[in-house]
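Trainee: I would like to learn how to read the cavities, salt bridges and chain contacts of a model. Could we go through them one at a time?

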Amino acid sequence: MSELGGALWATIPLLVVGLYGIAARRNLVRIMLALEIVGAATVTMLGAAAAAKWQASGEVLGLLALVAVGIEGALLIALATLFNEMYGDMDVIVLKEGGEEK
Amino acid sequence: MIGSLLLNLLAILQALLLPVQASRYLSALLLVLSIYFAGGSVGSLVGDAYTAIGMIAIAVPAVVTLLFHKNPQRHFVLLTTLVTVAGYFVVASRNLATLAMSLEAMSLAAAAVAFYPATKEKVRTLTTYLIFSVFAAVLLFSGLAFYFAGTNGFSLVEFTQTPTAIVGLSLILASIMIKIAVTPMHAWAVDVYSLSSTSAALYLSNAVKAAAFLALGILASGPLKAAFSVGYWQVLVPVLALAAISVGVGAGGMALSDRAKRLLAFSSIAHAGFALLAIASPGPAAAAILAYYALAYSIANTIAFSSVLLIKGEEDVSIRGLSALYKRPLTALAFAIAMISLLGVPPTAGFNAKLFALFSLLASAQIPYAFVLAVALAAVVFTAATGYGYAKAIAAVARPPEEEAEVGNLSLEFLLWILAAMLLFLYFFPTLPTPTNLM
């Protein structure tokens, strides 16, 4: 991994924080934020690798990844809002066990 | 290939502009025609026999969905067309970047199809699906970033065996495993397939899964093969273990299901696990087996879901309710052939598909043989257990219905007979194409 230097190391804490968030949080919005943090780590890594190797394709793909993860994130936030309106809760446990509609 | 791309573009444009009653038929026609014109190559999109088989596996459920959905809305036709075109791109991709973007485009549109028709009851289902989908997307792009950092590009053939690239490859593999619903990431499939409308479930469980199988095949014949050849076989150990468990989970779920769509949802989880066994010996042969598996699965599963469509339209039906097919002997026979194929009994394509996947597993030279044997044994025993679920469905269509039920859509029934005949034909004449021109 040393070929990318400091930029790559900067993405590792982001990845760890994001993955911890996905595993440990139950609130939909917090899960979404954790997923977006992993997404940010990914884009940073693609950008760093592209800069280190002088290959623009990595930057282009980083942008596309940003768009794809962003769209899915926006959809999930929209659903979380609807979910909150319906069940008065954003806890994912409601997804599994079912909740009472308001 | 350029002709195929133009026809795909035309299909999307007309789905946007024309009235739905015309666009659904035109869309089906253009999507089928584009298979015929998918020769040659454009950039990293290559039209070879592998692409053609993949396109057929995706087109079969797409055509049934477009032609036989009762009163589809305009956006359903558009979304189905978009997912199909993205699926075509997946199977034609011979470069990792194109493959990843096509897979994501397909997943994004598929999420919208899963929500069709939009009702408040589906919010829970779609939220579950989206969490898994975003997680899969994040894994895919993280994997791609690691792969890019490790190998200096997105080439499928120039794979450098750095630890960074291996981590990337493992993450991409994990992402595809979520998309095909391998245990423990299978929860979304049961909810989405059993609670969506029948047409949406038919389409999602076949087209998306077939495209993901073929994507796995492309990976298997490129970087996975390269990683395997230099001793990174450990990557596949958890994959194979999860594959065997997945077949077991599918079998258990099927035994406990009393609704047809839920039974088929668990069946799809079992099949995802079984198909995954083929990558135990990564290479062009594994890709060919996955392509054949995808085609056999797509045809059989389309027949199964279409039978629900025939009986109850967009709603679910109990397994006992399948007895409505009793008065349509040829359609009941087609359904029984599909079930036998899904179980993997000769003379159907499903038998060959499972046999080839097992051969591929047992031919694995580097993975410890005791482990391979244990996985193979577990997969065979669990597959035999799925037989109970399929037997329930076959027994239902062989019994006279308890209450009168009207089943009558001759054109759909005719199509099911042809598809069932294809399952028999593919048993005697199996087609095993390999992806060419990897870039």
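This is a predicted model: local features need pLDDT of at least 70, side-chain atom pairs count only at pLDDT 80 or more; totals for chains, interfaces and linings use all residues.

Trainee: Which residues line the largest cavity?

Mentor: The lining consists of B:Ser107, B:Ala110, B:Tyr129, B:Phe132, B:Ser133, B:Ala136, B:Ile178, B:Lys179, B:Trp188 and B:Val208. The space inside the largest cavity is about 100 Å³.

Trainee: Which helix gives the most to the lining of the largest cavity?

Mentor: Helix 6 of chain B does, with 4 residues. At least two lining residues come from each of helix 5 (96-114), helix 6 (123-151) and helix 7 (163-179) of chain B.

Trainee: How many cavities of 30 Å³ or more are there?

Mentor: The count is 5. The second largest cavity has about 50 Å³, and its lining is made up of B:His271, B:Tyr293, B:Ala296, B:Tyr297, B:Ala300, B:Ser341, B:Leu342, B:Gly350 and B:Ala353. Helix 13 (284-312), helix 14 (329-343) and helix 15 (349-362) of chain B are the elements that each give two or more residues to this lining.

Trainee: What is the class make-up of the lining of the second largest cavity?

Mentor: There are 6 nonpolar and 3 polar residues, and no charged ones. The most comes from helix 13 of chain B, which gives 4 residues.

Trainee: Now salt bridges. How many are there over all chains?

Mentor: The general idea is that side chains of opposite charge can pair when their charged atoms come close. Over all chains the count is 4 salt bridges. One of them joins the side chains of B:Asp48 and B:Arg94, at 2.9 Å from N to O.

Trainee: Where do B:Asp48 and B:Arg94 lie in the chain?

Mentor: B:Asp48 is in the loop between strand 2 (45-47) and helix 3 (49-68) of chain B, and B:Arg94 is in the loop between helix 4 (74-92) and helix 5 of chain B, so the pair ties together parts 46 residues apart in sequence.

Trainee: Are B:Asp48 and B:Arg94 buried or exposed?

Mentor: Both B:Asp48 and B:Arg94 are buried. Compare another salt bridge, between the side chains of B:Arg259 and B:Asp316, at 3.8 Å from N to O. Here B:Arg259 sits in the loop between helix 11 (236-256) and helix 12 (260-276) of chain B, while B:Asp316 sits in the loop between helix 13 and helix 14 of chain B, so this pair ties together parts 57 residues apart in sequence.

Trainee: Why does B:Arg259 count as partly exposed?

Mentor: B:Arg259 counts as partly exposed because its relative accessibility is 33%, and the partly exposed class lies between under 20% for buried and over 50% for exposed. B:Asp316 has a relative accessible area of 17% and is therefore buried.

Trainee: Which side chain meets B:Arg328 in a salt bridge?

Mentor: That of B:Glu413, at 3.0 Å from N to O. This pair links distant parts of the chain, 85 residues apart: B:Arg328 is in the loop between helix 13 and helix 14 of chain B, and B:Glu413 is in helix 17 (residues 410-428) of chain B. B:Arg328 is partly exposed, at a relative accessible area of 27%, whereas B:Glu413 is buried, at 1%.

Trainee: Last, the interface. How many residues does each chain bring to the contact?

Mentor: Chain A brings 40 residues and chain B brings 29 residues. Together the two chains bury about 3200 Å², of which 79% is on carbon and sulfur atoms. The number of salt bridges between chain A and chain B is 0.

Trainee: What is the secondary structure of chain A?

Mentor: Chain A has 4 helices and 0 strands. Of its 102 residues, 39% count as buried. Among contacts in chain A between residues at least 6 apart in sequence, 45% join residues at least 24 apart.

Definitions and conventions
Residues are numbered from 1 along each chain as its sequence is written. Chains are lettered from A and ligands numbered from 1 in the order in which they are written. Side-chain values use heavy atoms; hydrogens and water are left out. On a 1 Å grid over the protein atoms alone, a cavity is a set of points where a 1.4 Å probe fits but cannot get out, and a pocket is an open set with protein on both sides within 12 Å along at least five of seven lines; lining residues have an atom within 4 Å of a point. Grid points are joined across faces, edges and corners, and a volume is the space filled by probe spheres set on the points. Ala, Val, Leu, Ile, Met, Phe, Trp, Tyr, Cys and Pro count as nonpolar, Asp, Glu, Lys and Arg as charged, and the others, Gly among them, as polar. Buried means under 20% relative accessible area, exposed over 50%, partly exposed in between (1.4 Å probe, protein chains only). Contact means heavy atoms within 4.5 Å. Buried area is the accessible area (1.4 Å probe) that two parts lose on being put together, summed over both.
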